[in-house]
Amino acid sequence: MRHVVNQGGLRRFTAANRRGPAAAPSAPSLSRDCGQDRSDARRLPLPAVSTTLGALLAEAGLPPPPPGAASLPVGGVAYDSRRAVRGAVFVAVPGEHTDGHRHALTAVEAGAVAVLAQRLPDPPLPEGVPLVLVPDTRLALAPLAAVLYQHPSRRLTVAGVTGTDGKTTTTTMLHAAWRGAGIAAGSLTTVDFRVLDRVEANTTRQTTLESADLQERLRALLDAGCSHVAVETSSHALVLHRVDAVDFACAVFTRVTSEHLDLHGTRDAYLAAKASLLTRAAQHPDGLAVLDGDDDFAYPQLRAMPIARRLSYSASGAAGADLQAHGVGVDASGVHFSARTPWGGAAVSLRLAGGFNVANALAAIAAACGTGASLDGAVRGLEALDRVSGRMERVDLGQPFGVVIDYAHTAEALHTVLAELRVATGGALWVVFGSAGRRDVGKRAAMGRVAAELADQVVITDEDPREEDRAAIHEQVLAGARAVSHRAGDRLHVIADRADAIRFAILGAAPGDTVLLAGKGHESTMIMRDGPVPWDERAVAEAALRERLAREG
């Protein structure tokens with residue numbers, strides 16, 4: 001008979017039970033090939049440590065294996081049957097497009113020695129293969145990976161950065177601030193993975209990696225000599241257990257507005273998911289929360305939550321904030337302001353465009369200095385940062401008008417970027433944008449309204465339509481734009497193909513205009529009905545600019 005252990009309970013992996021002895025005496029040998037398109041289940045490369053099934057499950061706080069299976073040698077964990085290797089435990093995770101329970105047999109045939117599942121796999125497993133049933137395999141995957149990688153976050157100062165907009169930039173700024181202060185640091189963001197001064201593109205399309213891949217990355221950063229790591233932390237990651245086994249020392253919050261209501265249901269539930277990062281950091285004996293004092297929605301609730309240390313920042317210069325910005329100025333070279341902090345004052349000159357980056361910079365300074373950086377070093381690092389891919393990224397081939405790429409994909413983010421460009425644009429302001437399929441439907445009309453209110457020319461196009469009817473998405477966005485526009489015929493345009501839409505705007509722009517390409521940013525694929533296709537927003541924009549410049553001689 002197949003050996004089965006069916007347990008109705010699963011101990012949640014918290015900081016209280018994380019702080020135990022190390023799992024094994026030697027460090028894993030890590031594969032660094034994480035730069036692949038996201039699948040619903042990918043394997044954790046086999047660490048160069050081995051344990052037994054009983055010891056692994058016990059240290060991870062999971063149910064024991066069936067009788068006679070406790071001494072079974074185990075050397076890894078996999079959650080993709082296509083990459084299962086000999087000696088691994090296969091974790092059957094239900095995914096968006098497929099279900100690991102359908103592929104457990106394939107994993108066993110590839111060498112997996114045991115299966116962790118939520119129900120009996122179908123097709124059934126061969127007789128003799130240990131099967132451990134748990135209520136939630138995603139919840140179980142995080143501690144399994146942490147054990148096999150020997151809990152790397154315990155030996156790192158990990159700062160999680162969350163919020164609605166500005167997460168990627170703030171995380172990158174925090175890494176830069178640490179590096180400027182001479183701290184060996186890494187970062188993991190939507191855009192890239194940074195190990196000291198080496199940068200690798202993140203092509204997974206995940207803001208926060210799955211728990212197994214995240215533990216692998218944290219171990220790689222530890223092995224590379226890093227002492228501090230900044231992790232961009234999404235609400236998805238917080239509720240889907242991707243960061244359950246991460247020992248956060250610091251929780252950094254950018255402004256919280258509204259997003260991913262398709263997952264969370266309500267704005268309050270969305271904030272509760274975000275706030276759970278602070279709860280995690282509060283388990284650290286010296287935990288630090290960095291809060292946006294200008295955030296009327298999130299700040300009151302976050303401020304009331306217990307934690308050892310708390311710092312607030314205010315880009316508006318509010319008197320009660322621990323860090324304040326004053327004398328903010330924006331020009332062609334970037335953003336300039338005077339920072340008042342608990343560590344003294346500093347003049348800050350950012351090379352990044354956008355006045356909203358003042359708040360991001362203050363958050364990064366607070367987190368960096370609150371975790372060991374000098375103020376002078378942190379500012380030096382921020383001032384050396386020249387760009388964050390797909391965030392207010394200018395495309396300049398010598399044309400007489402501006403072209404800006406930004407990842408803004410919510411109504412609030414689009415409003416922020418358009419308002420910034422509106423002030424800086426002498427001519428007409430163009431915006432090319434869309435709204436993703438199978439995502440929060442409610443934001444579509446809101447984005448259309450924002451675009452029509454702030455831009456002179458609105459071009460609605462594709463942004464990852466997925467399996468949805470792209471024309472229906474465009475119509476929902478257009479409905480919002482029409483609600484505030486009285487000149488729809490000559491300023492509202494729907495061009496489904498995104499490359500054609502970008503070309504239309506760039507060929508139509510006049511000297512002194514600005515063209516904003518919003519929503520895709522750094523992303524390297526466009527997800528269509530039949531799956532992802534290669535995409536490079538900057539390359540498409542540059543091709544259109546070259547065509548225009550060639551026409552004009």
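What follows is a set of questions and answers on a predicted model.

Author: This is a predicted model, where local features need pLDDT of at least 70, side-chain atom pairs count only at pLDDT 80 or more, and totals for chains, interfaces and linings use all residues. Residues are numbered from 1 along each chain as its sequence is written, and side-chain values use heavy atoms, with hydrogens and water left out.

Reader: Why are helix 4 and helix 6 called roughly parallel?

Author: Helix 4 (residues 137-148) and helix 6 (residues 211-223) have axes that cross at roughly 25° and come within 8 Å. Axes are lines fitted to C-alpha atoms, for helices over the stretch in contact, and angles run from 0 to 180 degrees between N-to-C directions. Angles under 35 degrees count as roughly parallel, over 145 as roughly antiparallel, 65 to 115 as roughly perpendicular and the rest as oblique. Helix 4 and helix 6 are therefore roughly parallel.

Reader: Which residues of helix 4 and helix 6 meet?

Author: Leu-141, Ala-142, Ala-145 and Ala-146 of helix 4 meet Ser-211, Ala-212 and Gln-215 of helix 6. Contact means heavy atoms within 4.5 Å.

Reader: How does the contact of helix 11 with helix 12 divide by class?

Author: Helix 11 brings Ala-361, Ala-364, Ile-365, Ala-368 and Cys-369, and helix 12 brings Leu-375, Ala-378, Val-379 and Leu-382. They divide into nine nonpolar, no polar and no charged residues. Ala, Val, Leu, Ile, Met, Phe, Trp, Tyr, Cys and Pro count as nonpolar, Asp, Glu, Lys and Arg as charged, and the others, Gly among them, as polar.

Reader: What makes strand 19 and strand 23 edge strands?

Author: The open sheet has six strands in the order 19-20-24-21-22-23, with mixed pairing. Strand 19 (393-394) and strand 23 (492-494) each have a single partner strand, so one side of each has no neighbour in the sheet.

Reader: How do you know that strand 21 and strand 22 pair?

Author: Two strands pair if DSSP finds at least two bridges between them. Strand 21 (residues 429-433) and strand 22 (residues 457-460) have four bridges, in the parallel sense. Val-431 has Val-458 as its bridge partner in strand 22.

Reader: What joins strand 9 to strand 10, and strand 10 to strand 11?

Author: Three bridges join strand 9 (residues 185-188) to strand 10, and the two run antiparallel. Four bridges join strand 10 to strand 11 (residues 198-201), also antiparallel. Gly-186 stands opposite Val-195 in strand 10, and Phe-193 stands opposite Glu-200 in strand 11.

Reader: Which way do the residues of strand 10 point?

Author: Asp-192 and Arg-194 point one way from strand 10 (residues 192-195), while Phe-193 and Val-195 point the other way. In a regular strand the side chains alternate between the two faces of the sheet.

Reader: Why is Gln-150 called buried?

Author: Buried means under 20% relative accessible area, exposed over 50%, partly exposed in between (1.4 Å probe, protein chains only). Gln-150 has 5%, so Gln-150 is buried. Its phi is near 60°, a positive value in a residue other than glycine.

Reader: Why is His-241 called buried?

Author: His-241 has a relative accessible area of 11%, so His-241 is buried. Phi of His-241 is positive, near 70°.
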